[in-house]
Amino acid sequence: MTVTTFKPDTAAQAADAVRWALAEGTPLDVAGSGSKRGLGRPIQTAYTLDLSGLSGVVAYEAEELVLTAKAGTPMADILPMLAERRQQLAFEPQDLGPLFGQPAGRGTLGGVVATGLAGPRRISAGSARDHTLGIEGVNGRGDLYKGGGKVVKNVTGYDVPKLMAGSYGTLTALTELTVKVLPAPEDGRTLLLAGREDAGAVAALTTALQSPHEVSGAAHLPAGVAARSRVRGVAGAGGAVTLVRLEGFGPSVAARVAALKEELGADAVLDRDESLAVWREIRDVAYFCPHPNPPPLRRGGDLSPSPASVGEGRGGGNDARHIWKISVQPSEGPRVAESIRWALDAELYFDWGGGLIWVAAVPAPDAAAAIRGALGAAGHATLVRAPEDVRTAAEVFHPLPDPVMALSRRVKESFDPCGILNPGRMYAGV
Amino acid sequence: MRMPAPDDGVIARRREIIAALRAIVPGEGVIADESELRAYECDGLTAYRQLPMVVVLPGTTEQVSRVLRTCKEMGVKVVPRGAGTSLSGGALPLADGVLLGMGKFNRILDIDFANRCVVTQPGVTNLGISNAVAHEGFYYAPDPSSQIACTIGGNIAENSGGVHCLKYGLTTNNVLGVEMVLMDGTVLRLGGKHLEAGGYDLMGVVTGSEGLLGVVTEVTVRILKKPATARAVLIGFPTSEQGGDCVAAIIAAGIIPGGMEMMDRPAIHAAEDFVHAGYPLDVEALLIVELDGPPAEVDHLIDRVAEIALSKGCCYSRVSTSEEERLSFWAGRKAAFPAVGRISPDYYCMDGTIPRKALPLVLQRMQEMSDRYALRVANVFHAGDGNLHPLILYDANKPGELERAESFGNDILRLCVEVGGVLTGEHGVGVEKRDLMTDQFDEVDLDQQQRIKCAFDPDGLLNPGKVFPKLHRCAELGRVHVHKGELRFPDLPRF
């Protein structure tokens with residue numbers, strides 16, 4: 001159990017806490033707001049390094065397309081600031097609070113980068129890694145150091161910021177980040193195709209993604225999942241829906257919607273509000289959220305909490321199902337989904353043109369083997385939500401081939417030779 | 001610039017080393033004859049030359065693995081090389097090192113339109129990938145100016161950019177997977193056709209590592225559908241400050257152009273004299289703004305850009321009305337380097353990035369330096385992302401001019417760092433900017449980077465003498481110094 005929490009106000013104090021832990025030989029649980037504590041392998045430490053006191057935007061220069069903020073800055077502060085200048089974090093950071101039964105809007109910038117999670121726009125805009133330009137932080141030796149830069153184009157030295165994205169605080173306790181910010185789309189619409197089977201749906205998404213129409217979202221919700229959407233046009237379609245998002249300047253969106261609707265034979269077009277709402281659901285895995293009483297939907301801005309799953313049917317109320325995130329080459333998506341459905345009592349939906357499958361599976365002892373077996377070499381699977389004992393026993397992150405694992409251990413040691421920072425959060429002994 | 005002192009003990013074993021390499025790569029794959037080695041003595045940074053001890057040209061991943069393992073066992077340094085187009089000396093050979101040429105890895109392995117990616121060997125040229133998928137209307141987005149010659153393996157080593165990278169990203173944003181070999185011969189696969197690899201983003205740190213971490217033997221890149229159309233507008237300004245303001249205003253309006261280039265007066269004149277692109281000669285700054293995408297979008301935005309330019313006081317504006325005209329706008333910019341080459345016996349191309357708002361200050365200080373060093377400078381500038389390419393004009397045959405040009409260049413790069421920018425936006429550190437790294441990074445920053453190197457190559461045999469100004473032994477870097485009871489912040493909040 002955690003007994004003591006260090007909550008530094010400055011980066012120098014954070015370095016001091018790590019030096020103290022190093023001297024004591026005791027590991028630290030490195031955390032921001034703790035909104036994603038349920039994600040990853042559980043770790044047990046006597047001390048927590050709480051970075052949420054390192055908060056505040058240091059510099060935001062919209063014309064330079066960069067924002068520098070302390071690691072503990074709440075996303076709830078950053079996103080409205082960007083929206084005011086009609087900008088955004090283009091990788092569409094997920095807000096997974098509700099998936100873990102917590103309120104929405106609690107995450108920090110450091111946590112978003114440390115978990116490296118990206119939303120539907122991943123297919124066109126990249127992930128957190130692609131937008132992290134510079135970092136400052138404390139390595140496991142207690143050294144406060146910096147990596148990368150504060151300009152959008154930089155190849156000076158190793159790209160240390162990339163290593164930070166998705167490292168779950170195991171390499172460095174981040175104290176400050178510089179991220180790339182981009183214009184937010186002026187408009188956005190979504191084409192809807194009704195009643196497609198998985199394979200036909202992914203084929204349609206592939207056609208859309210092969211077109212020159214700059215698709216920025218490509219998802220498929222099988223009937224059971226679509227029925228749980230709070231977006232009328234989606235739930236009311238009466239079956240599976242396949243969704244293709246087009247964003248950009250008004251006249252451009254209008255022209256592309258018209259052209260692609262024709263090319264795909266789409267059944268309907270979701271308006272701007274419905275489009276925003278459904279992609280927020282898809283982004284935040286709202287269909288598998290356990291909230292019995294979803295918070296009211298606030299209009300406008302990216303901050304609105306995702307409408308959580310409706311409190312009916314399987315998975316509503318107390319959804320105890322395990323959530324898996326599966327990254328796969330898109331063409332293999334339907335096959336992998338089929339295998340998972342065959343092996344497990346599971347619901348799932350597709351994002352990233354078929355390349356991302358979110359699975360909610362009724363707990364089964366052989367679930368990990370079934371899912372990873374279905375994947376083969378075509379991708380990897382992460383156990384996103386499960387009780388602590390399951391995440392302790394199972395491999396939460398996809399097992400790495402031996403040589404990659406060995407190199408990962410050496411990289412961990414290069415930052416944190418004594419295993420002070422979140423040891424075991426990703427892999428045992430790392 | 002000094003390279004690490006050659007190890008006489010290794011050079012004395014040259015015959016033995018060559019024999020060991022010939023046992024792995026038979027026939028013409030091992031080059032030891034001095035006249036043939038000459039072809040490898042430098043890369044695109046021709047000011048520095050060094051004959052390698054021996055060149056080996058493996059043809060398979062297994063051969064690369066055996067070559068590296070053998071070199072490690074024999075304590076021999078290795079310098080990897082793609083097409084040798086580096087502008088920072090990344091492939092400069094070592095007198096006591098093996099030069100590992102990857103030119104035989106020249107096949108595209110898999111074109112996968114369904115997953116929108118290409119799997120290729122690393123020796124395929126950047127343009128070769130685009131050409132291989134052009135029949136279906138696809139292309140590979142990063143487009144360094146050397147794209148006709150440079151290889152995708154080299155692009156990964158350098159994290160290459162190009163004029164379109166503001167909108168489409170650098171190499172690192174377009175690579176999905178690699179197969180690579182570590183110095184001890186271990187073969188690894190990172191990433192693949194899926195979007196997210198598990199574990200640490202090792203591919204992210206390998207990309208742009210300038211051949212210091214491993215040798216890439218296979219690459220998976222994503223491909224994009226070609227934009228339906230592209231149009232450009234040529235805009236002239238009475239001052240460079242107004243040009244910079246215009247760029248900022250375009251971005252503030254939410255427009256990310258496919259390309260946005262700026263040239264200063266000397267560069268405009270050199271280019272116009274050379275290719276007669278029709279550039280205005282009475283302006284201080286010339287912008288080329290290219291918009292690409294669906295026709296409805298391009299038409300909409302080109303009008304908005306023209307309006308913004310007017311509001312920022314442009315004195316010249318021309319919108320391309322045909323593909324031919326668009327290409328003519330680019331002809332001058334693309335010929336800027338050779339155009340400068342016509343007006344000066346030699347030129348030295350720099351590559352810093354600055355926050356764009358610092359442009360007027362940087363141009364003014366650069367002019368002062370130009371006066372002080374008595375050397376002319378012409379500027380071409382990836383305006384969208386703040387990446388400057390000052391071209392310093394000099395004559396290598398005049399005693400002392402090369403040294404003066406180098407000092408001038410170093411001062412420019414220090415200035416870039418001083419205003420909040422970085423030493424290199426796309427050309428890499430290599431040997432060229434190695435000794436300036438301490439201007440951008442503290443010792444603690446560089447130590448951490450070198451510890452990453454130790455995780456990949458603990459003996460420091462892969463491309464030593466590049467990127468880092470000081471070589472440290474990994475054992476020394478790895479020591480942990482613990483100071484018990486030295487909590488310097490007794491007021492550190494805890495509860």
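Reply: Let's start with strand β12 of chain B, which is joined by four bridges to strand β15 (residues 316–319) of chain B, the two running antiparallel. Before going on: this is a predicted model, where local features need pLDDT of at least 70, side-chain atom pairs count only at pLDDT 80 or more, and totals for chains, interfaces and linings use all residues. Residues are numbered from 1 along each chain as its sequence is written, while chains are lettered from A and ligands numbered from 1 in the order in which they are written.

As for terms, strands (E, at least two residues) and helices (H or I, at least four) are DSSP runs numbered from the N terminus. Two strands pair if DSSP finds at least two bridges between them.

Back to β12(B). Strand β14 (residues 285–293) of chain B is also antiparallel to it, with nine bridges joining the two. B:Val233 is a handy landmark: its bridge partner in β14(B) is B:Val289, and in β15(B) it stands opposite B:Val319. β12(B) spans residues 229–237, and seven of its nine residues are buried, so the rest of the structure largely encloses it. Buried here is 20 or more other C-beta atoms within 10 Å of the residue's own, exposed is 12 or fewer, and partly exposed lies in between, with C-beta atoms placed from the backbone. In a regular strand, side chains alternate between the two faces of the sheet.

Now for some helices in chain B. The axes of α9 (residues 240–252) and α11 (residues 295–311) of chain B come within 9 Å and cross at roughly 140 degrees. Axes are lines fitted to C-alpha atoms, for helices over the stretch in contact, and angles run from 0 to 180 degrees between N-to-C directions. α9(B) and α11(B) are therefore oblique to each other; under 35 degrees counts as roughly parallel, over 145 as roughly antiparallel, 65 to 115 as roughly perpendicular, and the rest as oblique. Their crossing is right-handed, that is, the near helix is turned clockwise from the far one by less than a right angle, anticlockwise being left-handed. B:Cys246, B:Ala249 and B:Ile250 of α9(B) make the contact with B:Val305, B:Ile308 and B:Ala309 of α11(B), contact being C-beta atoms, placed from the backbone, within 7 Å. By class that contact is six nonpolar, no polar and no charged residues. Ala, Val, Leu, Ile, Met, Phe, Trp, Tyr, Cys and Pro count as nonpolar, Asp, Glu, Lys and Arg as charged, and the others, Gly among them, as polar.

α14 (residues 359–373) and α15 (residues 401–418) of chain B make another helix pair, with axes 11 Å apart and an angle of about 160 degrees. α14(B) and α15(B) are therefore roughly antiparallel, and their crossing is right-handed. Among the residues that meet there are B:Met366 and B:Met369 in α14(B) and B:Phe408 and B:Leu415 in α15(B). That contact divides into seven nonpolar, one polar and three charged residues.

Finally, the partner chain: 85 residues of chain B are in contact with 86 residues of chain A. Both α9 and α11 of chain B are among the elements that each supply at least two residues to the side touching chain A. The largest share, eight residues, comes from α17(B). By class, this side of chain B has 37 nonpolar, 31 polar and 17 charged residues.

Methods: Two residues are in contact if their C-beta atoms, placed from the backbone, lie within 7 Å.
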